[in-house]
Amino acid sequence: MGSTRKTAVVTGVLFLVTEVAAIGGLVLYGPVLHDAGYVLGPGADTRVFLGALCELVLALAVIGTGVALYPVVKRQNEGAALGYVCGRLLEAAVIVVGIISVLSVVTLRRESAGAPGGDAASLVTAADALVAIHDRTFLLGPDFVLGANTLVLACLMYRSRLVPRPLAALGLVGGALICASATAVLFGLYEQVSDAGTLAALPVFAWEVGLAIRLLAKGFSGAGGTAAGGTAAGGTAAEGTVAGGTVAEAAAGGSGEPAQLANTCEKWAASPETVGGHSLAPR
């Protein structure tokens, strides 16, 4: 298996991991995100910890996709490829901030359980603020930054034809749509976790899953982009050398003997006596 094929497999696996981990984290976070009294009750801390673990895996997989793809896509546009890596790092950083905020709610609940005389209203307010931070990181990371990253990667894939253009076009549509949806959520047109928000996220979800399946099944189209082109050019040059040899053999009359070079300055320098006198000596 070539290095480019390995890169395709690793990238495909990482994209699938991001989808599974994102869904798992959102589901497991349910109690702390939707129960305003979580900080005062018995809590489902183990479930929340599992959700945090899923989101931590998500953050690492997000970084992994950018790092794994960089050697391939930089052959198309190094600046855009570097921008994609930085965008994925930013996306992962925002996700980690959300993880910290949710885990802080658990810490607050445990500390308040040890001090029953605490102000319940203040605890609920603090917990709500931490959950609000998570909600905004969820909007900025998996929506705004993800949409921008999707547009960059899909554009690179579309121009380079590393994947079929219809698949890359799906990424362009998905990236633009989720950015528009995030803007609508930001201005309060609808909730992020809603029917409209889910519909807006479907194209980018289909893009990432489709890209993962394509890379796992067939790898990159052209298997190497510009590098492959360089190899092809080298092959052409080698073919030209062989062709030159064939021409030389033809000049020798097909006898298999080396072709006799014409009288030249180079031939004089190598062997003056074979040139035919000083009249052809280089001047």
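The points below treat the basis of the values, then the helix pairs, then the side-chain pairs.

1. The model is predicted: local features need pLDDT of at least 70, side-chain atom pairs count only at pLDDT 80 or more, and totals for chains, interfaces and linings use all residues. Residues are numbered from 1 along each chain as its sequence is written, and side-chain values use heavy atoms, with hydrogens and water left out.

2. Helix 3 (residues 45-73) packs with helix 4 (residues 78-113) at an angle of about 170°, the axes being 9 Å apart. Axes are lines fitted to C-alpha atoms, for helices over the stretch in contact, and angles run from 0 to 180 degrees between N-to-C directions; helices are DSSP runs (H or I, at least four residues) numbered from the N terminus. Helix 3 and helix 4 are therefore roughly antiparallel (angles over 145 degrees). Their contact has 23 nonpolar, 2 polar and 7 charged residues, where Ala, Val, Leu, Ile, Met, Phe, Trp, Tyr, Cys and Pro count as nonpolar, Asp, Glu, Lys and Arg as charged, and the others, Gly among them, as polar.

3. Between helix 1 (residues 3-28) and helix 3 the packing angle is about 155°, with axes 8 Å apart, and the two are therefore roughly antiparallel. Helix 1 passes helix 3 in a left-handed crossing (the near helix is turned anticlockwise from the far one by less than a right angle). By class, this contact of helix 1 with helix 3 has 18 nonpolar, 8 polar and 2 charged residues.

4. Helix 5 (residues 120-160) and helix 6 (residues 165-186) pack at about 155°, with an axis separation of 8 Å. That makes helix 5 roughly antiparallel to helix 6. The crossing of helix 5 past helix 6 is left-handed, and their contact divides into 19 nonpolar, 5 polar and 4 charged residues.

5. How many salt bridges does the structure hold? There are 3, a salt bridge being a side-chain nitrogen of Lys or Arg within 4 Å of a carboxyl oxygen of Asp or Glu. One of them joins Asp 45 and Arg 109, with the closest N and O atoms 2.5 Å apart. This pair links distant parts of the chain, Asp 45 in helix 3 and Arg 109 in helix 4, 64 residues apart.

6. Arg 165 lies over the face of Tyr 158, at 4.2 Å from the ring centre (the criterion is CZ of Arg within 6 Å of the ring centre and within 35 degrees of the ring normal).

Terms used:
Parallel < 35°, antiparallel > 145°, perpendicular 65-115°, else oblique.
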